[in-house]
Amino acid sequence: RQRQMCIRDSYSPAFRAYYKTIQPVLARRHRAILTVSDYARDALIRFGVAKDAHVITNGCDHVHRTVVNPAASATLGLQRGRYVLAQASTQKHKNVRMLLEAFHSQRLSGLTLALFGAADISTFTAELSPNVRLLGRLSDEMLFGLMTDAAALACPSRTEGFGLPAA
């Protein structure tokens with residue numbers, strides 16, 4: 001129930017109505033429905049959008065060709081092993097607010113929360129603590145370098161259907 005409320009808060013009523021209307025129409029017009037996860041397939045079937053769907057997982061071939069930037073942390077002024085890396089997102093079901101609140105705690109004052117992605121600081125209504133950094137968009141090389149040096153990768157999302165949560 002909480003997950004449904006969170007998703008409802010993430011998308012406008014017009015967006016939800018459009019998807020609720022268009023998805024079943026599109027599903028009836030095609031021979032096969034493809035999706036990227038078992039979760040998404042099960043949801044399509046459970047909500048009556050499709051009678052069946054086939055899972056075709058996302059590709060990650062480019063990852064094997066990406067060279068890690070070993071200076072990523074230093075370039076961005078982050079201390080190796082002293083930051084938690086997470087994707088910045090304003091959608092409520094991504095639950096970034098929980099991280100922002102956690103990093104107000106004195107217990108986490110020795111760590112930096114490093115948020116990457118397109119979200120702008122003005123999109124967060126909570127006052128940011130001094131140990132929160134918004135890094136903006138990053139290249140794969142920089143992101144992989146940051147992942148290598150981070151104390152942890154935080155994925156606080158309450159639900160993912162299409163996303164690639166950490167395994």
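Select R80 first. R80 is exposed, at 62% relative accessible area. You are looking at a predicted model, in which local features need pLDDT of at least 70, side-chain atom pairs count only at pLDDT 80 or more, and totals for chains, interfaces and linings use all residues. Residues are numbered from 1 along each chain as its sequence is written, and side-chain values use heavy atoms, with hydrogens and water left out.

**Stop 1: from R80 to D149**

R80 sits in the loop between helix 4 (72-75) and strand 3 (83-87), while D149 belongs to helix 6 (residues 140-149). The pair links distant parts of the chain, 69 residues apart. Is D149 buried or exposed? D149 is buried, with a relative accessible area of 8%.

A salt bridge here is a side-chain nitrogen of Lys or Arg within 4 Å of a carboxyl oxygen of Asp or Glu. Helices (H or I, at least four residues) and strands (E, at least two) are DSSP runs, numbered from the N terminus. The structure holds three salt bridges.

**Stop 2: helix 3**

Go to helix 3, residues 38-46, and select R41 and D38. They are three residues apart, about one turn of the helix. Their side chains form a salt bridge of 3.3 Å, N to O.

Check the exposure of each. R41 is partly exposed at 22%. D38 is partly exposed at 45%. D42 is partly exposed at 36%.

**Stop 3: strand 4**

Select strand 4, residues 112-116. Four of its five residues are buried, so strand 4 is largely enclosed by the rest of the structure.

Which residue of strand 4 is the bridge partner of L85? It is A114. Strand 3 and strand 4 pair in the parallel sense over five bridges; two strands pair if DSSP finds at least two bridges between them.

Keep A114 selected and show strand 5 (residues 132-136). Strand 5 runs parallel to strand 4, joined by four bridges. There, the partner of A114 is R133.

Notes:
Buried < 20%, exposed > 50% of the residue type's maximum accessible area, 1.4 Å probe, protein only.
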